[in-house]
Amino acid sequence: MHNGMLYLVAGWSGCFVMAIELLGGRLLAPFFGSSIYVWGAIITVFMLALSIGYLLGGRWSLRQPSLTRLAVILLVAALTALPVVLGADALLDWLSVRVTDPRLGSLLGSLLLFLVPTVVAGMVSPYAVRLLVEDRQRSGERAGRLYFVSTFGSALGTLLTSFYLVLHFEVNQILWAMLGTSAVIAALALASDRRAVPA
Amino acid sequence: MRRGTLAAAALLLGAAPLAEALSLVHSERSLYRQVLVYEDQGTRCLCFTRGCVIGRQSCVTLAAPEKLYFEYTQMMMAALFMGPRPQRILVIGLGGGSLPRALEKAVPEAALDVVDIDPAVVRVARQYFNFVPGPRTRVYEEDGRVFVRHALREGRSYDLILLDAYDHEYIPEHLLTREYLFEVKRLLTPGGVVAANTFSSSRLYDSESVTYRAVFGEFYNLKSANRVIIVRNGSLPALALVRQNAASWAPALRNFAVDAADMAARFSTAVDWNERARVLTDQYSPANLLNGR
């Protein structure tokens, strides 16, 4: 039960990151186009952010790791993604007037909008590995399974968003749904930790 | 489903000739796609897929390079019938350069700006399709929407804007939204004209129609295998005036194999789409998904 919740959080986090990345392309296109540079900038920022997130998540797992704290990471990732829904257009409009080169502009825009939430989302996986691993012998197996779930979640998030969600919903509606789902899953994780600890 | 779409797309662009009849003249991989030049019985075509299986982007008859090969390009030229001779013209989407070449000759006094995202396409148009920009022509290698926003900030304006940046394989979705069309409209001089090469089938037809209506109001619809939307910044000129202008353009356009009277006869304001279709916006723009349905 406890482990199931860890996998759910990691899988959802993977899904969340890729959905935002894909929609990020949508958000940037009106201002910087959809040239190969723009996608290059977005992917660069997401990879950079995830790499930093892995490092930070691993470090933070050294100090009293708990499912509650993992839930907080998920919640903070959602909260720091709020500006993507609330202020992306205003920010990108402001930026595109000042930085006219689409390469630099899309890189800066992606950094401002996506760096922080993606760093935080990147913390989820190593942190969850810490909670899953009980002994050294099974550590690789557990980590492998977690990578599977989180990357599978990414694949699912990419497919769902690009093939179906954009056909029925507005970008911001999808983003709100993603943020809401993060909040719900974080709440479930908190509740399950409360129930598990006193017993 | 997908296969049917591709077949329909090939049909729309004029059935692609059999692959074995084509001889490959040039091939290069660009940042975005494969850029291919094929020849077949005196016709040279630009394609983005092997054997032109998803249709041809642009073609010239080598013996008569002035001739506008595709019917849709002839319909685009009919935008000239909407009002006075344009002084400043913008073409978004170069392809083989058919339209810019024709416009340079038909309206030699006009300043012409041409935008294409793919530097390889610009190179190939010069080398294989005889697109040699004249002294009043400037070519920009840039995303169409980014160009439009820059042009707005610089206070530029145009009397005629031709939108030709889509093909059947892929539509840049940010170039088919209400917000984009509003930006294009703001680039127009009062009475300025937009002509757009778009689609004549699939669910996208409905969405595209209501999106143009939302921005420009009533428009002229010209249909054949493709569909061309012609709108004006301000109310549409009466059909009688369009026909009168067509008559005065007729001799000049004959060089390009454009039958002005035939084109003028196609102008229609009939609503033949589902008016309750969803308007495409920056928030909702699944143009490629709709195009497949």
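**Confidence and layout**

Author: One caution about this predicted model: over residues 1–19 of chain B, pLDDT stays under 50. For that stretch the model has 26 contacts beyond four places in sequence.
Reader: What should not be read in detail there?
Author: The predicted coordinates, as is the case where pLDDT is low.
Reader: What is the mean pLDDT of chain B, then?
Author: Chain B has a mean pLDDT of 90, and 92% of its residues reach 70 or more.
Reader: And what does the model score on ipTM and pTM?
Author: ipTM is 0.87 and pTM is 0.89.
Reader: OK, chain B. Into which domains is it divided?
Author: Domain 1 covers 2–61 and domain 2 covers 71–291. Taken over C-alpha atoms, the centres of these two domains of chain B are 22 Å apart.
Reader: How many residues are in contact between them?
Author: On the domain 1 side of chain B, 22 residues, in contact with 16 residues of domain 2. The elements that give two or more residues to that side of domain 1 are α1 (2–12), β1 (23–29), β2 (34–40), β3 (43–47) and β4 (58–61) of chain B.
Reader: How do the residues on that side of domain 1 divide, nonpolar, polar and charged?
Author: Into 13 nonpolar, 7 polar and 2 charged.
Reader: Switching to helix α7 of chain B. What should it span?
Author: Helix α7(B) runs over residues 204–216, and at 1.5 Å a residue its 13 residues should span 18 Å. Its end C-alpha atoms are 18 Å apart, so the two agree.
Reader: Which of its residues are buried?
Author: Leu204(B), Ser207(B), Glu208(B), Ser209(B), Val210(B), Thr211(B), Tyr212(B), Val215(B) and Phe216(B).
Reader: What do those pack against?
Author: The buried residues of α7(B) pack against α6 (178–186), β9 (188–198), β11 (227–232) and α10 (287–291) of chain B. Just after the helix, Gly217(B) takes a positive phi of about 80°.
Reader: Last topic: how many residues of chain A are in contact with chain B?
Author: 16 residues of chain A, which are in contact with 17 residues of chain B. In chain A, α1 (2–32), α4 (82–98), α7 (139–168) and α8 (171–196) each supply at least two residues of the side that touches chain B.
Reader: Which element gives the largest share?
Author: α1(A), with 3 residues. By class, that side of chain A has 9 nonpolar, 6 polar and 1 charged residues.

How values were computed: Residues are numbered from 1 along each chain as its sequence is written. Chains are lettered from A and ligands numbered from 1 in the order in which they are written. This is a predicted model: local features need pLDDT of at least 70, side-chain atom pairs count only at pLDDT 80 or more; totals for chains, interfaces and linings use all residues. Two residues are in contact if their C-beta atoms, placed from the backbone, lie within 7 Å. Helices (H or I, at least four residues) and strands (E, at least two) are DSSP runs, numbered from the N terminus. Ala, Val, Leu, Ile, Met, Phe, Trp, Tyr, Cys and Pro count as nonpolar, Asp, Glu, Lys and Arg as charged, and the others, Gly among them, as polar. The expected span of a helix is 1.5 Å times one less than its number of residues. A residue is buried if 20 or more other C-beta atoms lie within 10 Å of its own, exposed if 12 or fewer, and partly exposed in between; C-beta atoms are placed from the backbone. Domain bounds come from an automatic or database domain assignment. pLDDT is the predictor's confidence in each residue, from 0 to 100.
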